[in-house]
Every structure is written in C-alpha cells, then in structure tokens.
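Open the model in your viewer and keep the selection panel handy. We'll go stop by stop, picking residues and seeing what is around them.

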Amino acid sequence: MNTNKNEKFNAITETADGVNTVYLSGELDLSVAPDFRLVMEPLVGESSQDLIVNLRDLKYIDSTGIGILLSILKARHGMESRFTVQEVPPQIQKLFDMTGIAKFFAPQENSQ
C-alpha cells in the first residue's frame with residue numbers, strides 16, 4: 001500500500017458560469033471511492049449545470065474509479081446533461097485506450 005502523502009486523493013470543486021468543475025489529484029482507487037462519490041453525488045444531479053472532471057493532477061485510477069466515471073457518464077446521458085473529462089494524463093489516457101472507454105471521454109466540441 002502506498003502511504004506517500006503526495007499521492008493522497010483530493011477533489012476540489014469550482015463552480016462558474018453554469019459549469020461545475022472537479023479537479024482530481026493523487027490516486028483514485030477503491031480506498032477513496034466513497035469520498036469521490038460523496039463529492040460527485042450532488043453535482044451529477046444538477047442537470048442545468050455542465051459537469052467537468054479534470055484529471056490533470058491524477059496519478060492513478062483503478063477499475064473502481066473508472067466505474068464511477070462511467071456511472072456518472074450514464075447518469076448525465078440519461079438527463080441529457082453534459083459531462084466531460086479533461087486534461088487526462090498520458091498514463092491514464094493509455095489505460096482508457098486499452099480498456100476501450102476513451103471514446104466515451106473524448107473531448108467534443110460544443111456546436112453553437
């Protein structure tokens with residue numbers, strides 16, 4: 001088990017201009033999944049707000065973390081509300097590519 005304080009999971013939420021952005025850092029795995037769910041639960045249901053998860057400072061994600069992201073995607077899709085994953089680090093992008101989920105988190109331009 002990695003007990004390095006630099007890898008501790010953290011989620012910071014910002015709200016501006018109709019967009020909720022959650023910045024993740026550290027390691028998102030089974031041990032912190034309940035914390036991540038607590039942060040995301042109220043935001044997922046806000047259908048009038050776009051939801052962005054920024055992974056720029058995320059060092060690691062396991063299948064539990066990926067599962068949570070997919071459940072958010074499914075819930076937001078069902079509400080016809082926007083959900084975007086941004087700034088995916090190369091090591092996490094590689095995992096998304098290998099598991100076939102990258103296409104679901106691919107950035108999409110907003111056609112206005």
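**Stop 1: a polar side chain inside**

Select Asn 20, which is found in strand 2. Strands here are DSSP runs of E with at least two residues, helices are runs of H or I with at least four, and both are numbered from the N terminus. Before going on, a word on the ground rules: this is a predicted model, where local features need pLDDT of at least 70, side-chain atom pairs count only at pLDDT 80 or more, and totals for chains, interfaces and linings use all residues. Residues are numbered from 1 along each chain as its sequence is written, and side-chain values use heavy atoms, with hydrogens and water left out.

Is Asn 20 buried or exposed? Asn 20 counts as buried, at 2% relative accessibility. The classes are buried under 20% relative accessible area, exposed over 50% and partly exposed in between, with a 1.4 Å probe and protein chains only.

Now show the side chain of Thr 15: it makes a polar contact with the side chain of Asn 20 at 2.6 Å. A polar contact is a pair of N or O atoms within 3.5 Å; within protein, one must be able to donate a hydrogen and the other to accept it, and residues adjacent in sequence count only if both atoms are side-chain atoms. Contact means heavy atoms within 4.5 Å.

**Stop 2: the hairpin**

Select strand 1 and strand 2 (residues 19-28), which pair in the antiparallel sense over seven bridges. For two strands to pair, DSSP has to find at least two bridges between them. Click on Ala 16 and then on Val 19, its bridge partner in strand 2. Do likewise with Thr 13, whose bridge partner in strand 2 is Val 22. The two strands form a hairpin with two residues between them, and in the turn Asp 17 has a positive phi of about 50°.

**Stop 3: the sheet and its helices**

Switch to cartoon. In what order do the four strands sit in the sheet? The open sheet runs 1-2-3-4, with mixed pairing. Strand 1 and strand 4 (83-86) are the edge strands, each pairing on one side only. From one strand to the next, the twist averages 20°.

Bring in helix 1: it lies across strand 1, strand 2 and strand 3 (50-61), at about 165° to strand 2. Helix 2 (residues 63-78) lies across strand 2, strand 3 and strand 4, at about 170° to strand 3. Axes are lines fitted to C-alpha atoms, for helices over the stretch in contact, and angles run from 0 to 180 degrees between N-to-C directions.

With the cartoon up, trace the chain: three helices and four strands, in the pattern β-β-α-β-α-β-α.

**Stop 4: the aromatic rings**

Show the Phe, Tyr and Trp side chains. Rings of these residues (for Trp, the six-membered ring) pair if their centres lie within 6.5 Å; planes under 30 degrees apart count as stacked, over 60 as edge-to-face and the rest as tilted. By that rule there are three aromatic pairs. Phe 9 and Phe 36 form an edge-to-face pair, 5.9 Å centre to centre with 80° between the planes. Phe 9 lies in the segment before strand 1 (10-16) and Phe 36 in helix 1 (residues 33-44), so this pair ties together parts that are 27 residues apart in sequence. Phe 9 is buried at 12% relative accessibility, and Phe 36 is buried at 0%.

Next select Phe 96 and Phe 105, a tilted pair at 5.3 Å centre to centre and 45° between the planes. Phe 96 counts as buried at 1%, as does Phe 105 at 6%.

**Stop 5: two loops with positive phi**

Go to Glu 80, in the loop between helix 2 and strand 4. Glu 80 is not a glycine, yet has a positive phi of about 55°, and counts as exposed at 75% relative accessibility. Then jump to Glu 87, in the loop between strand 4 and helix 3 (90-99). Phi of Glu 87 is also positive, near 50°, and Glu 87 counts as partly exposed at 44% relative accessibility.

**Last stop: zoom out**

Select the whole protein chain: buried residues make up 40% of its 112 residues.
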